[in-house]
Amino acid sequence: MNGPWSYNGTCQGDAGSYRLEIDCVGYDFTANPPILGQYTTRKDLPVGQAGTVACFGPNWSSAGWGVGARIFRL
């Protein structure tokens with residue numbers, strides 16, 4: 001966890017892809033229907049590329065407190 005609201009990670013090894021996820025408690029107005037409570041933000045990336053997932057979206061479309069994060073190969 002990078003502070004209480006984001007998670008940085010990278011995956012090394014053979015070619016493929018991996019996923020970063022962070023569990024947040026807050027709100028996400030980009031979801032349909034909008035979420036007030038717990039939600040998960042995820043990002044799929046190619047192996048070797050570093051990434052960040054965060055509980056904050058552009059223009060405060062989502063905001064929350066990170067309660068857990070994980071990284072795994074797809």
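The cut-off for buried is under 20%. Keep in mind that this is a predicted model.

Where does Ser-62 sit? Ser-62 belongs to strand 5, which covers residues 62-73. What does Ser-62 touch, once neighbours within four places in sequence are set aside? Its contacts are Tyr-27, Asp-28, Tyr-39, Cys-55, Phe-56 and Gly-57.

Now the loop between strand 4 and strand 5. Strand 4 is 51-54, and Asn-59 lies in the loop between strand 4 and strand 5. Trp-60 is in the loop between those two strands as well.

Look at the backbone here. Most residues other than glycine have a negative phi. Asn-59 is not a glycine, yet its phi is positive, about 55 degrees. Trp-60 also has a positive phi, near 60 degrees, and is a residue other than glycine.

Buried or exposed, for Asn-59? Exposed: the relative accessible area of Asn-59 is 78%. Trp-60 has 59%, so Trp-60 is exposed too. The cut-off there is over 50%.

One more backbone point, in another loop. Most peptide bonds are trans. The bond joining Asn-32 and Pro-33 is cis, with omega at about 5 degrees. Pro-33 is placed in the loop between strand 2, residues 17-28, and strand 3, residues 35-46.

The cis bond is the one between Asn-32 and Pro-33.

How values were computed
Residues numbered from 1 in each chain as written. Predicted model: local features only at pLDDT ≥ 70, side-chain atom pairs only at ≥ 80, totals over all residues. Heavy atoms only, no water. Helix = DSSP H or I, 4+ residues; strand = E, 2+ residues; numbered from the N terminus. Contact = heavy atoms within 4.5 Å. Buried < 20%, exposed > 50% of the residue type's maximum accessible area, 1.4 Å probe, protein only.
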